[in-house]
Structures are given as structure tokens and as C-alpha cells.
Amino acid sequence: MKKIVINKSKGNEYYTPKNIWEKIIHLLPKDKIIYEPFNNSKYPNSLKSHQILKDLGLNMRPLKIFNEETGENNFFNDDGKEWDLCVSNPPFSIKQQIIKHLVKLDKPFVLIVPTNTISCVYISDIGKDLQLILVKDRINFLNAGENRCCFPSLFLCYKMNFDKDFIWV
């Protein structure tokens, strides 16, 4: 079982507000099984995106909560057979490993990442299957204390087959 340590001090505990998911919901397929994998039993706020996406009409894979202590439901041990598309605001400190894992599985994804992510070599290695959803305003992320943090972010998309490679919302 592969164990990845998520460092809380590296800004991983920021959550996407509902209004941001609402901006892209029209771009996400309703007929596919959506996986929002980054739910952690230690952080109840990490469960909210799954419920928001479900409430917005997406066909969500049943919630599997990651247990940091036991490693149960570790995303990196998932073979991708129970879902079609990953949609998430992943822990930023391990986003490279997450993206590489999804590409290795050859699974489409829509991930919120800092804008500077697109300048990384591992992103350029992915090639022509990438598309971007660009948010006109900075995302006002929430943390566990309901404080907010905004910084330039975008949705990095893989094998989504949108009509355009750059979509503004």
C-alpha cells in the first residue's frame, strides 16, 4: 500500500466554495461517475465538495473517506475502475503526484490548481490532452476556521474534450 504524507502546514486545508463549483457545473458530464477523492476523516470540511457536487446534479461515486492513520481509501491505491472522471481541489503539496497518478490511469480530470502549475515540466510532458478552465476572479478558498484565502487558480483539465482549450468562467 502506497503511503503519501499530506503536510497540513503546506496549505492543503483550503476548500472550494459552492459558487466556484457552480461556475463549471455546466461543463461536467452528468452521465459519468465522478470521483472526488480527497476526503479525510481528520478534516470534516474536506467532505463538503463531494456533497456540493452531488447536490449540483453530478453522479458521484459513493464517498470513500481517507483514513490517515490506517491508509484506508488511499487515492494512490485506487485503480480507477469504479469511476469515470476525477473532479477535485486536491492537496496542493502533492498535486504533482496526483496529476501523474491520474495520467497513468489515463482518467479524465478537472482539478483546481494554482496558476503557476501550468509552467511545470511535468505538466508540459502531458501534452495535447490538456485544457484549462480559467476563473475570471480569484477563488476565495475557505479553511477549517472559515477564514478565506485567495490566490490565482485555474481548473487543469485532462481528456475532457471541451470545444475549446481555454474556457473562461
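Which helix holds histidine 50? Select helix H2, residues 48–55, and you will find histidine 50 there. Keep in mind that this is a predicted model.

**Stop 1: histidine 50**

Show the side chain of histidine 50. Its relative accessible area is 7%. That is under the 20% cut-off, so histidine 50 counts as buried. The histidine 50 side chain reaches the backbone oxygen of arginine 61 at 3.0 Å. Leaving out residues up to four places away in sequence, histidine 50 touches Glu36, Asn39, Met60, Arg61, Pro62 and Leu63.

**Stop 2: the whole chain**

Zoom out and colour by secondary structure. The chain has four helices and 10 strands. Trace the elements from the N terminus: β-α-β-α-β-β-α-β-α-β-β-β-β-β. Switch to a surface view. The accessible surface of the chain is about 8,800 Å², and carbon and sulfur atoms account for 50% of it. The chain has 169 residues, of which 50% count as buried. Take the contacts between residues at least 6 apart in sequence: 72% of them join residues at least 24 apart.

**Stop 3: the largest nonpolar core**

Select Trp21, Ile24, Leu28, Val87, Val110, Ile133 and Phe155. These residues have the most contacts inside the largest nonpolar core, which has 26 residues. Now highlight the elements that give two or more residues to this core: helix H1 (18–24), H2, and strands S4 (85–88), S5 (109–114), S7 (139–143) and S9 (153–158). H1 supplies the largest share, three residues.

Centre on tryptophan 21. Setting aside neighbours within four places in sequence, tryptophan 21 contacts Thr16, Ser49, Ile52, Leu53, Leu56, Val87, Ser88, Asn89, Ile112 and Phe155. Of these partners, Val87 and Phe155 are also on the list of residues with the most contacts inside the core.

**Stop 4: a separate core**

Another core, of 22 residues, lies apart from the largest one. Select Tyr35, Ile98, Leu111 and Leu134, which are among its members.

**Stop 5: cysteines**

Is cysteine 86 buried or exposed? Cysteine 86 has 0% relative accessibility, so it counts as buried. Cysteine 120 has 25% relative accessibility, so it counts as partly exposed.

How values were computed:
Residues are numbered from 1 along each chain as its sequence is written. This is a predicted model: local features need pLDDT of at least 70, side-chain atom pairs count only at pLDDT 80 or more; totals for chains, interfaces and linings use all residues. Side-chain values use heavy atoms; hydrogens and water are left out. Buried means under 20% relative accessible area, exposed over 50%, partly exposed in between (1.4 Å probe, protein chains only). A polar contact is a pair of N or O atoms within 3.5 Å; within protein, one must be able to donate a hydrogen and the other to accept it, and residues adjacent in sequence count only if both atoms are side-chain atoms. Contact means heavy atoms within 4.5 Å. Accessible areas come from the Shrake-Rupley method with a 1.4 Å probe; for residues, only the protein chains shown count as cover. A nonpolar core is a set of buried Ala, Val, Leu, Ile, Met, Phe, Trp, Tyr and Cys residues joined through side-chain atoms within 4.5 Å.
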